[in-house]
Amino acid sequence: HGRALHPPTNPHRRQPPLLPRAHPPLAHRTAPRPADPTRPKGIKEVAKEFCRDSVRVAKHPVWLLMVAGYTLYCAVIGVFAFWGPKAGREIYDMKGTSADLIFGGVTVVTGVAGGLGGGSLLDWMGSTMRNANLVCVVANWGGMALCLVAFLATKNFTVFIVLFGFGELLLFCIQVGAPPLGSWFKRRGGV
């Protein structure tokens, strides 16, 4: 009964402690610092982020179709701006810079009026995605039809410029619907 609970120890030999060593207090530990949000990103970080976002965008067919359509729309407006005055000079025998001034004036007026009109129409209909799509589709088809009739079927310059003006007015109505559609896809987590 006189046995010790612990085995005998050699005073010259270092014995392992019975309890694990205590860690230093938490205040003395060095934790990794969080990234500074105000620090500019390096080129590698930006490139990785760009590639990751590009892959996400490339996997979203609705986003791609919307951007492709909007790109073509911008190309059509650019074609009208560049070739419209040249066609006006050739078809209607216009002299000097009057074709440039008339086409430029029509484009500026219809651009402002179309943007305001499209926005007012969308507000009146109710600002929903369905209505924004409806305004974009109807305005594109109507504008395309009027511009084609203006260029292909009119012989009188006054009739031409009226049809062309209304066609551009309709085309500019989509300026209100297309950017929110893209933002909506992004907000919904699609891109």
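Me: Why is Cys136 called buried?

Reply: Buried means under 20% relative accessible area, exposed over 50%, and partly exposed in between (1.4 Å probe, protein chains only). Cys136 has a relative accessible area of 9%, so Cys136 is buried. The model is predicted: local features need pLDDT of at least 70, side-chain atom pairs count only at pLDDT 80 or more, and totals for chains, interfaces and linings use all residues. Residues are numbered from 1 along each chain as its sequence is written, and side-chain values use heavy atoms, with hydrogens and water left out.

Me: What makes Cys173 buried or exposed?

Reply: Its relative accessible area is 12%, so Cys173 is buried.

Me: How do you know that the sulfur of Cys136 is too far from that of Cys173 for a bond?

Reply: A disulfide is a pair of cysteine sulfur atoms within 2.5 Å. The closest cysteine sulfur to that of Cys136 is in Cys173, at 9.6 Å, and is therefore too far for a bond. The structure holds zero disulfides.

Me: Why is Leu148 called partly exposed?

Reply: Leu148 has a relative accessible area of 45%, and is therefore partly exposed. Leu148 is found in helix α4 (residues 129-153); helices (H or I, at least four residues) and strands (E, at least two) are DSSP runs, numbered from the N terminus.

Me: With which residues is Phe164 in contact, leaving aside its neighbours within four places in sequence?

Reply: Contact means heavy atoms within 4.5 Å. On that basis Phe164 is in contact with Phe80, Phe103, Val106, Cys147, Ala150 and Phe151.
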